[in-house]
Structure formats: C-alpha cells, structure tokens
Amino acid sequence: MGTSAEMAAQSRAPDADVLIGRRLRALRLERAMSLTDLASRAGISVSALSQIERGISSLKIKVMWPLAAALNVEPGALLGENGQKHSDLYCVSSKARKRLPVHSDGIEKWLLSPPGAALTGILVSVVPGGTTAGSYTHAGHEFGYVLSGQLELTIDGVSYQCGPGDSFAFRSTLDHAFSNPGQEPAQILWVNTTKPGESRDG
C-alpha cells in the first residue's frame, strides 16, 4: 500500500504514463528480472524505476534508451509506437502471443497468459497423428478444454477420448501424455499452475 501522497499522484497520472509503466513491468517480468536487476543494468535507482512502472513518474528520454538496452528491445517497444502490439501487464494481444518450445513433432503451444500471472494459459494445437514424446510429469495441476478436434489424453495409465466441449483436470505429478487420433487438427485451451520453463511438456 503506497502513501497518501503516492496514491494521490498515481490518481493524477496520465493514462500514457500508466500504460508505459505497465508495459515496462510486463517486459521486465517476461525476462524474470527483478526491479533491482533492471535498475542496475540501466543505471538508475530502484525507486525511480518503481515509480515509472507505477505510472507515478514519466519515462524520460535519458532513461528510456538504457532501459530498452537492458531489456534488449527497441525504445519504441516501451512506448507502443507504430501501432505495434506489445505485452501488457494484464492482457495479451493475439498479435503479441508468444510461441513456446515443444519436444514433439506435430504439436504447437502458444502462451496466452500475461507475464507474472499465477496461472499459465496455453493454446495447444495438435495435427492429426501428432503426439507427445512419451508420458511426463511435473509439479502443479492442470486443466484443459477441447475447443476443436479430437484428443486422446492418457492420465496415470488410463486413456480418455475427448472431443469439442469436453474438459479435464488432474495433478501434473501423474504420468500423462496426449495425441490427436482424429482427421482434423485439434485445439485445446490448457491451463497450468506451473510456468512453461518448469516442465518438460510435449
């Protein structure tokens, strides 16, 4: 909770400053950098960076360039120039969606959740015949909803045939694998409590 002065200042902050601050924080979180890490790399104080992220202070030209360099982005990425879709703290544009690495052929995964979210939302696409490279386990829990196509999901040695509108949920510590036995591509909305880098998914 900020001080009354900070809260008053934030309530007067221009919308542009708030949006830039959210974008800056989103980019920082995407790179798993702390306030201290980014401030140190950009050569500014932690308090100054925190105020920019909260929209209390405007992003000045003299700090925009070192911040962009520390985040390995163009300065325009902080400002949202040229109508480009960039990450936000709370929303992910379909045009800014990031593709996740996978270990199996015929499967694609796209990250749907914004950086720093407690839950990881993923759009999974599986071509006909596509399958995970064996079963796997990891920490956490997961939930899924089949948007289209057919999904064969194996959990703890039991196989389930899922079609459009079907859903599932299970502990990720159970052996699980999936494939598409149908003739059309399958799409699944998949939600995990672990981050993409914390599990060896198909």
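The model is predicted, so local features need pLDDT of at least 70 and side-chain atom pairs count only at pLDDT 80 or more, while totals for chains, interfaces and linings use all residues. Residues are numbered from 1 along each chain as its sequence is written, and side-chain values use heavy atoms, without hydrogens and water.

Helix 3 (residues 35-42) and helix 4 (residues 46-53) pack with their axes 9 Å apart, at an angle of about 110°. The two helices, helix 3 and helix 4, are therefore roughly perpendicular to each other. In the contact (heavy atoms within 4.5 Å), Leu-35, Thr-36, Leu-38 and Ala-39 of helix 3 meet Val-46, Leu-49, Ser-50 and Glu-53 of helix 4.

Three salt bridges were found in the whole structure, a salt bridge being a side-chain nitrogen of Lys or Arg within 4 Å of a carboxyl oxygen of Asp or Glu. One of them joins the side chains of Glu-53 and Arg-28 (2.6 Å, N to O). Glu-53 lies in helix 4 and Arg-28 in helix 2 (residues 15-30), so the pair ties together parts that are 25 residues apart in sequence. Glu-53 and Arg-28 are both buried (under 20% relative accessible area; exposed is over 50%, partly exposed in between, with a 1.4 Å probe and protein chains only).

A salt bridge also links the side chains of Glu-30 and Arg-31 (3.4 Å, N to O). Glu-30 is partly exposed, at 29% relative accessible area, and Arg-31 is partly exposed at 31%.

Definitions and conventions:
Axes fitted to C-alpha atoms, helices over the stretch in contact; angles between N-to-C directions. Helix = DSSP H or I, 4+ residues; strand = E, 2+ residues; numbered from the N terminus. Parallel < 35°, antiparallel > 145°, perpendicular 65-115°, else oblique.
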